[in-house]
Amino acid sequence: FKQTLHMRRNFIGRSCKLHFEAAPLKIARASRQYLYDDTGQEYLDCINNTSHVGHCHPHVVGAGQEQMAKLCCSSGFLNEQASLYAKHLVSTLPESLCVCFFLSSGSEANDLALRLSAAFTKKKDVVCFDGAYHGNLGTLVEISPVRYKRLGSNHQRKEWVHIAPTPNTFRGKFDANSENPGLLYANELIKVMEKAHRNGREIGAFISEHVISASGMVVPPENYFPMVYRYVREQGGICIADEVQCGLGRCGEQYWGFQLHNVVPDIVTIGKPIGNGYPLAAVITTKEIADSLGDFSSTFGGNPVACAIGKAVLEVIDNEKLVSSAKNVGKCLKDGFKAIQHKHPMMGDVRGVGMLIGVELVMDKENKKPAKEAAEILTYKMKERKIILGVEGTDKNVIVLSPPLCFTTDNARYIVQHFSEVLANIET
Ligand code: PMP
């Protein structure tokens, strides 16, 4: 442990942060929803949404091993695994979204989505949320205000980026009791676009998550997206759904987060969970948009091993009925948190959908001042109880859970009980 930490501190960039920076964990292996440290201690993993169907799922590992022994790289050649996977993947999406591009990370997928949108609409400008995160590449940092803050106050926002308020009914301008918060927030975005038009800019794309994970699992009001999509399209723009966090059945009931809102995007980007931990990402779009791009290649994107793994992940989701499980177990988790909310003065909001849950901690429920320090202490105390939780949100005060989909209702009840005990200690 000490040697690994020493080498990390010396040879890996300090800006690459660890979970629990003050007392890091060295994970030696993992299985299903459990992580094991180098002493064999077991932890319940509530944050690793990348290991979507469970860490090291044997069907996925088998598919990867078999393909790795046969052929790892076939860039530029016909690739049977990529074709099979593309066919299976598009079958989970609405009919119009029928062409895939494969890449290796969510950032690359969002970067390509912006290129596709600019090629198709001939407009470079983009609207995004003030609480968004879409990736770590240069262009994406500009449309990821959550990280943008960390670039420092001298950073000049680029003229092609237009920022709309995150439709957050707990902490935003309009709360859930406002009459029609969806309409009010849609009007805010429309105002941002109108201002851009007045300044001679033309918007090519609106990019958003449909459950906004970077803001701490904010679920926009149900009529928000249909109104925004209509307006963006009337103005000649297209709509991009970043499903890197909320996609592939995590929201329960359906495969994709945008389906919660009855809209069909023009471009969908996916990453994290689709390779169950193996680097794999994709952009899926319409034939017309796909054909607007010139040549494109990615050496590792869509390599046979990644695609064999991606296909195995889809098979496990179907065989083990993980989408309906995400709905049922997620409901148990959220109901569990809701049931203890009245006992805890710091539990400001419980939100999310399926296995994408956020609990926002506040100093008190009247002033809603973000309880950032308490959120951090809580995650460390939960770690002592062998439960790994995350913290998100623009104020880093939202406890987030996005566990592997093999989570059980027993896991959910266990977490809620320990969460309540730990929070009670912090509150006193
Ligand atoms: N979009 C969203 C919503 C994300 O959460 C992330 C990663 N946290 C990304 C894009 C970028 O993905 P990656 O880290 O694989 O580049």
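Mentor: What follows begins with helix H3, moves to the elements that cover it, and then turns to the rest of the chain.

The model is a predicted one. Helix H3 comprises residues 80-90, and within H3 the residues Gln81, Ala82, Tyr85, Ala86 and Leu89 are buried. Because these residues cover an arc of only 125° around the axis, they lie on the same side of H3. The spacing follows a general rule: an α-helix has 3.6 residues a turn, so residues three or four places apart point the same way. On the other side of H3, by contrast, Glu80 and Lys87 are exposed.

Which elements cover the buried residues of H3? The cover includes helix H2 (58-70) and helix H10 (304-319), together with strand E4 (99-103) and strand E10 (281-285).

E10 is mostly covered, as five of its five residues are buried. From E10, Ala281, Val283 and Thr285 point one way, while Ala282 and Ile284 point the other way; all are buried. E4 and E10 run antiparallel and are joined by five bridges, with valine 99 opposite threonine 285 in E10. E10 also pairs with strand E9 (residues 267-270), again in the antiparallel sense, over four bridges. In that pairing, isoleucine 270 stands opposite alanine 282 of E10.

Another group of strands can be described next. An open sheet of four strands has the order E1-E2-E3-E13, and its pairing is mixed. Strand E1 (27-31) and strand E13 (387-388) stand at the edges with a single partner strand each, so one side of each has no neighbour in the sheet. Strand E3 (residues 42-45) and E13 run parallel and are joined by two bridges. Aspartate 45 has isoleucine 388 as its bridge partner in E13.

The residues around the ligand number 15, and the closest are Ser105, Gly106, Ser107, Gly135 and Val244. Helix H4 (residues 106-121) supplies the largest share of this shell, three residues. Sorted by class, the shell around the ligand holds 10 polar, three charged and two nonpolar residues.

One further residue, glycine 330, shows a buried position within a helix. Glycine 330 is found in helix H11 (residues 322-341). Glycine 330 counts as buried because 26 other C-beta atoms lie within 10 Å. Apart from neighbours within four places in sequence, glycine 330 is in contact with Gly252, Val353, Gly354, Met355 and Ile357. The C-alpha atoms of glycine 330 and alanine 412 are separated by 8.0 Å, although these residues are 82 residues apart along the chain.

Finally, the whole chain gives these parts their setting. The secondary structure of the protein chain comes to 13 helices and 15 strands, and 50% of its 428 residues count as buried. Among the contacts with a separation of 6 or more, 75% are accounted for by residues 24 or more positions apart. The C-alpha trace spans about 60 × 55 × 45 Å along its principal axes. A compact globule of 428 residues would have a radius of gyration near 22 Å, and the protein chain, with 21 Å, agrees with this.

Definitions and conventions:
Residues numbered from 1 in each chain as written. Predicted model: local features only at pLDDT ≥ 70, side-chain atom pairs only at ≥ 80, totals over all residues. Near = placed C-beta within 6 Å. Nonpolar A, V, L, I, M, F, W, Y, C, P; charged D, E, K, R; others polar. Buried ≥ 20, exposed ≤ 12 C-beta atoms within 10 Å, placed from the backbone. Arc of directions from axis to C-beta. Contact = placed C-beta atoms within 7 Å. Pairing = 2+ DSSP bridges. Rg over C-alpha atoms; globule rule 2.2 N^0.38 Å.
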